[in-house]
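Open the model in your viewer and keep the selection tool handy. We will walk from one stop to the next, with something to select at each.

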Amino acid sequence: MIDDIKRTLKEVFGWAEHILPIGIKNASAIFGLAVISLLVFYATGVRVQLVIFYIYTIIALFVLFFFRNPVRNSSFASNEIACPADGKILSIKTEKDPDVLVIRIFLSIFNVHIQRATIDGTVGKVVYTKGSFFFANNPKAEDKNERNLIQISDGNKFAHVEQITGAIARRIEAWVKPGEAVKAGQKVGLIYFGSQVAVYLPKDKFTVTVKEGQSVQGGLTVLGLWR
């Protein structure tokens, strides 16, 4: 009975064991405001301060949840392409370049927002482009929004990862540098709040193993297999 309760609690609140430092910092600041509101309520009896306390507390807990940093130690075979992000597959198609297939993943505010390397390889350029802030599931976001392209290749193979902001997200981070060696599933960056991630792959060199509308997980799901 006790073991069952512990297992259930771990499944529900296990995310709280691993949170990014930025999440703890922001949540602490917000919870500090909540405490101030509570103190003002006790000092003045103004009930709206109690409501504000609950609002700040809920926001602080959500910030902790958003910046969760799950441990995923999965390994990938040399012919597998790792999914770089949690979310739902928006589209799988060629776009501007007919030789490049683009897989787009939509991240809601409830998804883990850490990005991961797609293959074992070397980081080429990390290209930041200023842009707008359309909603991440809006087609305009594909080439209008602020973005960060992380090029990852291994010989003749490439599987680039592009971080794209959404309407709420106003910040993206790349955690790798040009020339750095990466392993499939390794953490390479972070987007703040609701966003999109695109993967660019050579069209005729791999077989897609996911489909549009499918829910995927970064560092766990296999997007495709090299031929």
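Start by selecting glutamine 115, which stands opposite glycine 189 in β11. Strands pair here if DSSP finds at least two bridges between them, and the strands (E, at least two residues) and helices (H or I, at least four residues) are DSSP runs numbered from the N terminus. This is a predicted model, in which local features need pLDDT of at least 70 and side-chain atom pairs count only at pLDDT 80 or more, while totals for chains, interfaces and linings use all residues. Residues are numbered from 1 along each chain as its sequence is written, and side-chain values use heavy atoms, with hydrogens and water left out.

**The sheet around β11**

Now widen the selection to β4 and strand β11 (residues 187-191), which pair in the antiparallel sense over three bridges.

**A second open sheet**

Next, select β1, β15 and β13, an open sheet of three strands in the order β1-β15-β13, again with antiparallel pairing. The edge strands are β1 (80-82) and β13 (206-208), each pairing on one side only. From one strand to the next, the twist averages 30°.

**β6 and its partners**

Move on to strand β6 (residues 147-154), which runs antiparallel to strand β5 (residues 121-129) and is joined to it by six bridges. Threonine 122 has serine 153 in β6 as its bridge partner. Serine 153 also stands opposite phenylalanine 158 in β7, and two bridges join β6 to this strand (residues 157-158), with the two running antiparallel.

Select helix α2 (residues 21-44) and helix α3 (residues 47-66): their axes come within 8 Å and cross at roughly 170°. α2 and α3 are therefore roughly antiparallel to each other (angles over 145 degrees count as such). By class, their contact has 18 nonpolar, five polar and one charged residues; Ala, Val, Leu, Ile, Met, Phe, Trp, Tyr, Cys and Pro count as nonpolar, Asp, Glu, Lys and Arg as charged, and the others, Gly among them, as polar.

**Last stop: the pocket**

Finally, select Glu95, Lys96, Val102, Arg104 and Tyr200, which lie nearest the centre of the largest pocket among its 11 lining residues. A pocket is an open set of points on a 1 Å grid over the protein atoms alone, where a 1.4 Å probe fits, with protein on both sides within 12 Å along at least five of seven lines; lining residues have an atom within 4 Å of a point. The lining divides into three nonpolar, no polar and eight charged residues. Its largest share, three residues, comes from β3.

Terms used
Axes are lines fitted to C-alpha atoms, for helices over the stretch in contact, and angles run from 0 to 180 degrees between N-to-C directions. Angles under 35 degrees count as roughly parallel, over 145 as roughly antiparallel, 65 to 115 as roughly perpendicular and the rest as oblique.
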